[in-house]
Amino acid sequence: MPFQSSWLTQATLYKYRYIVGYALLFVLLTFVLTIDIRTLPGGINEREMATAVTSSQVGSLTTLEWIVNAPFHAFQFALIWLFGLSKLTLVLPSLVFGAATMVLFILTMQHWFKPNVAIITSIVAVTNVAFVTMARSGTADIMFSFWTILLLFASVKLLMEYEKSFGWKVLITVAAAGLLYTPFGIYTLGAFAISGMLHPHIRSRIRKIKRRRLLILAALAAVLLLPLGYALVRQPSVIAS
């Protein structure tokens with residue numbers, strides 16, 4: 001009987017159920033994001049064409065619409081410059097940021113829930129219509145979710161790791177700057193800031209940041225926000241819109 005029970009356990013991959021579950025989850029994610037990506041019905045819509053036009057202006061100092069969601073536009077500009085304008089080069093930035101968003105979401109769920117709950121929650125998120133639509137679009141809609149999940153994941157890792165945590169602080173700085181480039185991102189960033197100020201453990205971690213590292217983080221934030229500051233001075237209407 002013990003032998004039969006052991007054989008049954010191995011035959012059903014019980015010990016490897018979470019590995020198999022996450023493997024199937026990543027297969028599902030790949031399938032959902034890439035199925036028929038070259039032959040999507042409707043071709044390129046007006047918003048995707050407008051996004052491509054904005055991306056073509058990356059680097060311009062006279063037309064600054066590209067500053068909003070600048071990382072997305074820079075990535076799309078590079079793809080169009082390298083491979084030409086096509087449905088795939090328009091959609092690929094959203095696919096990449098969408099896949100990264102879901103991977104970060106899965107990793108965050110692993111810290112919050114038991115593996116079985118994390119897998120189920122991640123499957124629901126992967127098959128969510130809103131996520132699939134944003135991740136398969138040639139627009140920058142996915143960026144709000146990407147920066148939010150990145151900030152959440154880095155914050156969770158910072159709270160859990162006491163040693164070698166400076167890298168997570170850098171990632172938090174990058175994600176916070178990214179949200180400021182994203183429409184409505186400032187509200188999410190404000191919510192994170194308020195939550196941090198109200199949480200005693202987070203306040204304690206912030207107070208313990210060494211002055212030299214704090215200066216490095218401040219300098220990094222200043223560099224990342226330099227284009228946004230330039231746009232605020234030259235064309236504040238672009239940011240306001």
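Thr51 is buried in this predicted model, with a relative accessible area of 10%, which counts as buried because that term covers values under 20%. The place of this residue is in helix H3, which spans residues 46-55. Leaving aside residues up to four places away in sequence, Thr51 touches Phe72, His73, Gln76, Gly138 and Thr139.

**Nonpolar cores**

- In soluble globular proteins, nonpolar side chains tend to be buried together.
- The largest nonpolar core of the model has 33 residues, and those with the most contacts inside it are Met102, Phe131, Met143, Phe146 and Trp147.
- Two or more residues of this core come from each of helix H2 (17-34), helix H5 (87-112), helix H6 (115-126), helix H7 (129-135), helix H8 (142-160) and helix H9 (166-180).
- Of these elements, H8 gives the most to the core, with 10 residues.
- Another core, of 7 residues, lies apart from the largest one, and among its members are Trp66, Ala70, Leu228 and Ala231.

**Contacts of Met102**

- Met102, one of the residues with the most contacts inside the largest core, touches Leu29, Ser122, Ala125, Val126 and Phe131 when residues up to four places away in sequence are not counted.

**Nonpolar surface**

- Phe144, Leu180, Phe184, Ile186 and Tyr187 make a nonpolar surface patch of about 540 Å².
- Ile186, one of the residues of this patch, is found in helix H10, which covers residues 185-198.
- Ile186 is exposed because its relative accessible area of 52% falls over the 50% cut-off for that term.

Note on methods:
Residues numbered from 1 in each chain as written. Predicted model: local features only at pLDDT ≥ 70, side-chain atom pairs only at ≥ 80, totals over all residues. Heavy atoms only, no water. Core = buried A, V, L, I, M, F, W, Y, C linked by side-chain atoms within 4.5 Å. Buried < 20%, exposed > 50% of the residue type's maximum accessible area, 1.4 Å probe, protein only. Helix = DSSP H or I, 4+ residues; strand = E, 2+ residues; numbered from the N terminus. Contact = heavy atoms within 4.5 Å. Patch = residues over 30% accessible without salt bridge, like charges linked within 9 Å, V, L, I, M, F, W, Y side chains within 5 Å. Areas by Shrake-Rupley, 256 points an atom, 1.4 Å probe, with all protein chains shown as cover. Salt bridge = Lys/Arg side-chain N within 4 Å of Asp/Glu carboxyl O.
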